[in-house]
Amino acid sequence: MKRLALLTVVFVALVTIGLPSLLVHGTQDTGIAEEDLRPDGKEPQSISAGEVNLSVYHIDTKELVDMSLEEYLVGVVGAEMPASFAMEALKAQAVCARTYAVNSMRAYGGGGCTKHPGADVCTDSTHCQAWLSAEQLAEKWAAVDAAACLDKIRTAVSETAGIIITYNGEPVDAVFHSSCGGHTENSEDVWPEALPYLRGVPCTFCANGGRPQTAFEISIADFAAAIRPYCSAVPVASSGQLLPSAVERSAAGRIKSITVAGEKISGSVFRKALNLPSTNVAWQVSGEKLIITAKGYGHGVGLCQYGANGMAEKGETYQDILRYYYSGTEIAKADFR
Ligand SMILES: [Zn+2]
Ligand SMILES: [Zn+2]
């Protein structure tokens with residue numbers, strides 16, 4: 001009944017604000033259910049997701065390119081996740097990438113790429129999503145069977161055509177990271193906003209291959225030099241005994257804030273300054289050195305990619321994977337109109 005109500009609301013919005021718009025409905029039904037029918041009793045006139053185009057700013061060629069959404073997604077999934085991952089993990093990644101794109105597309109109410117005017121998305125992985133052309137993917141997979149890899153990614157995209165992740169009927173902010181190291185993170189412990197579907201969940205699935213622990217050493221003098229551009233309290237001629245202190249951690253163990261030379265900086269800034277794989281780090285002092293150990297790789301919010309692969313290898317479906325990492329969400333079919 002909830003979905004019927006949702007469809008009605010969206011239909012009213014559709015006739016009120018005009019086209020184009022998005023309709024979303026659940027994916028678990030087969031055939032045409034009552035809620036898939038328009039109020040006039042007719043089947044919805046949906047346009048296949050393959051016919052939807054978006055404008056992509058390519059950061060290498062500095063050009064705006066129009067391409068189909070589904071073709072764009074092949075380049076994103078190929079760039080963002082190893083092709084060796086299990087099919088259901090690749091499908092989960094395809095749905096995340098599609099949800100991100102739909103959220104950004106101006107034709108469906110998104111703001112587009114905020115860095116490149118006129119583009120829906122750019123190919124800068126630090127801004128929108130990474131994307132590689134077919135030629136670039138062939139180069140990336142040159143040492144393996146590139147054609148088989150491309151086929152596998154195309155299958156992951158086409159078998160989830162039109163599917164997105166929604167919360168209360170709206171596409172979610174489908175953030176993801178490489179590996180969480182044991183527990184994902186609440187959004188507000190990393191970024192300012194608390195989102196109801198970005199809740200930390202235990203993840204034992206990334207223990208295999210997801211960089212569970214990395215250790216490295218840094219001299220205390222090098223530590224001070226690395227942190228100085230981000231922390232004005234660190235004196236230029238700092239003594240060798242400048243150490244981080246007053247660490248505030250999230251429940252999952254990641255650094256939320258840390259104090260260096262009396263100045264508080266965020267965990268994200270600390271990670272950037274030291275080029276750490278994650279903010280889930282611990283250290284010990286050994287003479288003039290810090291020995292740092294880090295768990296996982298990435299910000300830790302949303303889908304854990306290695307965790308998704310671990311779940312897929314245990315036989316979970318892409319829907320199970322997405323519902324696990326995005327709490328309280330629905331996996332929905334979007335009709336692009
Ligand atoms: Zn961008
Ligand atoms: Zn994980």
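Reply: Of the protein's 337 residues, 48% count as buried, where buried means under 20% relative accessible area, exposed over 50% and partly exposed in between, with a 1.4 Å probe and protein chains only. This is a predicted model, in which local features need pLDDT of at least 70, side-chain atom pairs count only at pLDDT 80 or more, and totals for chains, interfaces and linings use all residues. Residues are numbered from 1 along each chain as its sequence is written, chains are lettered from A and ligands numbered from 1 in the order in which they are written, and side-chain values use heavy atoms, with hydrogens and water left out.

The metal is the zinc ion (ligand 1), coordinated at 2.1 to 2.4 Å by Cys-113 (SG), Cys-122 (SG), His-127 (ND1) and Cys-128 (SG). Donors are N, O and S atoms within 2.8 Å of the metal (3.2 Å for Na, K and Ca); water is not among the atoms, so sites may look incomplete. Along the chain, the donors of the zinc ion follow the spacing C-x8-C-x4-H-C. Cys-113 lies in the loop between helix H3 (87-104) and strand S4 (121-122), and Cys-128 in the loop between S4 and helix H4 (134-140); this pair, 15 residues apart, links distant parts of the chain. Helices (H or I, at least four residues) and strands (E, at least two) are DSSP runs, numbered from the N terminus. Both Cys-113 and Cys-128 are buried.

The ideal angle for four tetrahedral donors at a metal is 109.5 degrees. Beyond the site, the protein's secondary structure comes to nine helices and 15 strands.
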